[in-house]
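Please examine the sequence and the structure shown below before reading on.

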Amino acid sequence: MTDIIRLPIASWDQPCSPQEQFAATQALEDGQVLLLPQLDFPLLDAERPFLSPDIAGAAKNVSLNPADGSVRGSSAAGTELGVLHGMMTRFAASSQTLLRQLLSPYAPTLRAGRTSFRPVEIAGRETSWRKDDTRLHVDSFPSSPTGGERILRLFTNVHPQGRTRSWRLGESFEGVARRYLPSLHRPLPGSCELLHLLGITKGRRTAYDHFMLQLHDRMKADTKYQAQVEQSTHEFAPGQTWLVYTDQASHAAMAGQYAFEQTFYLPVAGMVESAKSPLRVLERLMRRELV
Ligand code: SIN
Ligand code: FE
């Protein structure tokens with residue numbers, strides 16, 4: 001079962017002891033959620049107007065692309081867009097500062113991905129079952145194959161009126177894999193290359209990506225599983241930050257509004273114990289390389 005491990009870190013640039021760093025990598029690589037209950041991200045006065053779903057325009061998230069520094073998915077323009085950009089880059093920089101201290105074993109290979117601001121209430125949002133993150137799932141995205149690289153995500157709840165972000169946490173990755181593996185299909189020969197050639201995927205979808213997408217879909221489509229699998233609920237309060245490997249820990253976001261999220265990618269070889277990665281777990285269970 002996915003568990004919550006707490007660490008008393010109160011600032012983004014706080015030096016972390018070797019013991020704290022060891023506890024952090026171990027909890028994360030075991031698929032647990034690492035909660036920093038005292039780590040807040042206070043907004044500046046000029047940023048407070050962004051605490052409205054209107055800032056997201058038609059999209060549900062505002063995102064910062066690390067490749068070119070552009071902000072997408074917002075209705076802001078001119079000076080307002082400049083302030084929004086400042087808020088997003090400050091969160092990205094704070095997250096990176098934290099991870100340099102807290103997860104220093106990862107420093108040589110960790111890569112920052114997108115930063116997102118999520119101002120829309122989760123509960124009651126209309127989506128297809130496949131995009132419905134209120135269903136337990138492990139993260140895997142059709143157009144962005146990782147080839148096995150880890151997806152590590154950091155969240156901070158910044159709701160101004162005390163509303164928690166409510167998650168469900170489910171069974172272990174190995175539990176998910178053992179349950180669904182016997183019924184998964186193998187990729188058709190050449191199909192991964194074709195998806196890349198046609199520009200449908202950014203990079204080549206490997207056999208690993210193929211099986212992870214199926215796990216993601218099987219979990220979400222299985223309503224009996226959603227109701228009956230061993231699970232727990234956790235309320236992340238405003239002013240709290242948490243980290244989790246979302247490609248490994250079964251999670252579902254049920255309710256809440258106003259959170260930041262920073263994605264990081266880590267090659268499997270950059271982990272402390274790479275045998276715990278979904279890639280190595282699947283390879284062990286399937287007795288084949290998933291390249
Ligand atoms: C998810 O990764 O499924 C959504 C998490 C959230 O927005 O709280
Ligand atoms: Fe997710």
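An oxygen atom of ligand 1 is placed 3.0 Å from an N or O atom in the side chain of H137. This is a polar contact, a term for a pair of N or O atoms within 3.5 Å; within protein, one atom must be able to donate a hydrogen and the other to accept it, and residues adjacent in sequence count only if both atoms are side-chain atoms. The table lists such distances for ligand 1.

| Side chain (N or O atom) | Distance to an oxygen atom of ligand 1 |
|---|---|
| H137 | 3.0 Å |
| W167 | 3.0 Å |
| H251 | 3.2 Å |

On its own, ligand 1 has 260 Å² of accessible area, and the protein covers 96% of it. Accessible areas come from the Shrake-Rupley method with a 1.4 Å probe, and for residues only the protein chains shown count as cover.

The model is predicted: local features need pLDDT of at least 70, side-chain atom pairs count only at pLDDT 80 or more, and totals for chains, interfaces and linings use all residues. Residues are numbered from 1 along each chain as its sequence is written, chains are lettered from A and ligands numbered from 1 in the order in which they are written, and side-chain values use heavy atoms, with hydrogens and water left out.

**The ligand surroundings and the iron ion**

The residues around ligand 1, including R118, D133, F155, R165 and A253, have a heavy atom within 4 Å of it. H137 and H251 also belong to this group.

Which residues coordinate the iron ion (ligand 2)? The donors are H137 (NE2), D139 (OD) and H251 (NE2), at 2.1 to 2.2 Å. Donors are N, O and S atoms within 2.8 Å of the metal (3.2 Å for Na, K and Ca); water is not among the atoms, so sites may look incomplete. Along the sequence, the donor residues follow the spacing H-x1-D-x111-H. Distant parts of the chain are linked in this way: H137 lies in the loop between β5 (111-118) and β6 (150-157), while H251 is in strand β10 (residues 251-255), 114 residues apart. Strands (E, at least two residues) are DSSP runs, numbered from the N terminus. Both H137 and H251 are buried, that is, under 20% relative accessible area, whereas exposed means over 50% and partly exposed in between (1.4 Å probe, protein chains only).

**The sheet that contains β10**

An open sheet of three strands has the order β8-β7-β10, with antiparallel pairing. Its edge strands are β8 (232-236) and β10, each of which pairs on one side only. Two strands pair if DSSP finds at least two bridges between them. Five bridges join β7 (residues 165-169) to β8, and L169 has S232 as its bridge partner in β8. Four bridges join β7 to β10, where the partner of R168 is A252.

Four of the five residues of β10 are buried. M254, also found in β10, counts as partly exposed because its relative accessibility is 27%. The C-alpha atoms of M254 and R165 are separated by 7.6 Å, although these residues are 89 residues apart along the chain.

**A second sheet and a buried glutamate**

Eight strands form another open sheet, in the order β1-β2-β9-β6-β11-β5-β3-β4, with mixed pairing. β1 (4-6) and β4 (71-72) stand at the edges with a single partner strand each, so one side of each has no neighbour in the sheet. β1 and β2 run parallel and are joined by three bridges.

E47 is situated in the loop between β2 (33-36) and β3 (62-64). E47 counts as buried because its relative accessible area is 2%. The side chains of E47 and R90 are joined by a polar contact of 2.3 Å.
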